[in-house]
Amino acid sequence: MTLIDTMLKRRSTRKFSDDKITKDELDIILQAALLAPTSMNRKPCNFMVVERRETLDELSKCKDHGAELIAGADKAIVVIADTMIADTWCEDSSIALTYMHLMATELGLGSCWVQVHLRKKDGVWAEEVVREILKIDSHYRIAGILALGHSNDIPEPHTLEDIDKNKIHFLV
């Protein structure tokens with residue numbers, strides 16, 4: 001599969017089967033995260049792999065809407081970034097999340113990026129909710145969580161015809 005094929009095939013998956021992600025699959029996804037570029041190569045991101053069912057269930061309630069799918073995932077990877085290392089934590093975390101999302105697609109796995117940054121749970125910032133669940137120090141920020149699992153419910157790939165080329169503007 002070429003990179004463009006992987007990009008076309010990448011779709012958010014919200015329903016997962018009971019099949020387990022293998023250690024090899026998880027290792028490859030984490031390698032992709034560690035290969036993600038960061039501003040000035042500071043590498044502020046850390047990756048917390050969540051496998052405990054009880055913790056996945058807690059994380060599925062970290063914000064008012066859109067995190068429920070984590071409860072059905074086999075694993076979740078919470079991306080945290082050290083603000084004492086880089087002020088580009090949100091960008092660096094987003095790139096790492098994207099690399100993992102694409103690698104999961106390449107491996108035939110289902111995945112969904114669950115945004116945490118700028119989301120709330122009952123008026124409390126979702127970052128604070130996740131920080132409390134996982135006991136994360138306050139100088140770490142949390143952009144999002146990648147839910148992972150096998151799935152029989154992956155949407156059909158996009159096609160090149162789906163691209164809105166009107167979004168491209170050439171400055172002359």
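**Close-up views of a predicted model**

**View 1. Helix α4 spans residues 89-106.**

**View 2. Several residues of helix α4 are buried.** Which residues of α4 are buried? They are W89, D92, S93, A96, L97, M100, H101, L102, A104 and T105. Just after the helix comes G108, which takes a positive phi of about 80°.

**View 3. G110 belongs to strand β3, which covers residues 110-115.** Is G110 buried or exposed? Its relative accessibility is 0%; G110 therefore counts as buried, the limit being under 20%. Leaving aside residues up to four places away in sequence, G110 touches T13, F16, A147, L148, G149, S151 and I154.

**View 4. G110 and R11 are shown as a pair separated in sequence.** The two residues are 99 positions apart along the chain. In space, their C-alpha atoms are 8.0 Å apart.

**View 5. A nonpolar patch lies on the surface.** Which residues form this patch? It is made of L3, I4, M7, L160 and I163. Together these residues have about 470 Å² of accessible area.

**View 6. L3, one of the patch residues, lies in helix α1.** This helix runs over residues 3-9. L3 has a relative accessible area of 55%, and because exposed means over 50%, L3 is classed as exposed.

Key
Residues numbered from 1 in each chain as written. Predicted model: local features only at pLDDT ≥ 70, side-chain atom pairs only at ≥ 80, totals over all residues. Heavy atoms only, no water. Patch = residues over 30% accessible without salt bridge, like charges linked within 9 Å, V, L, I, M, F, W, Y side chains within 5 Å. Areas by Shrake-Rupley, 256 points an atom, 1.4 Å probe, with all protein chains shown as cover. Salt bridge = Lys/Arg side-chain N within 4 Å of Asp/Glu carboxyl O. Helix = DSSP H or I, 4+ residues; strand = E, 2+ residues; numbered from the N terminus. Buried < 20%, exposed > 50% of the residue type's maximum accessible area, 1.4 Å probe, protein only. Contact = heavy atoms within 4.5 Å. Expected span 1.5 Å × (residues − 1).
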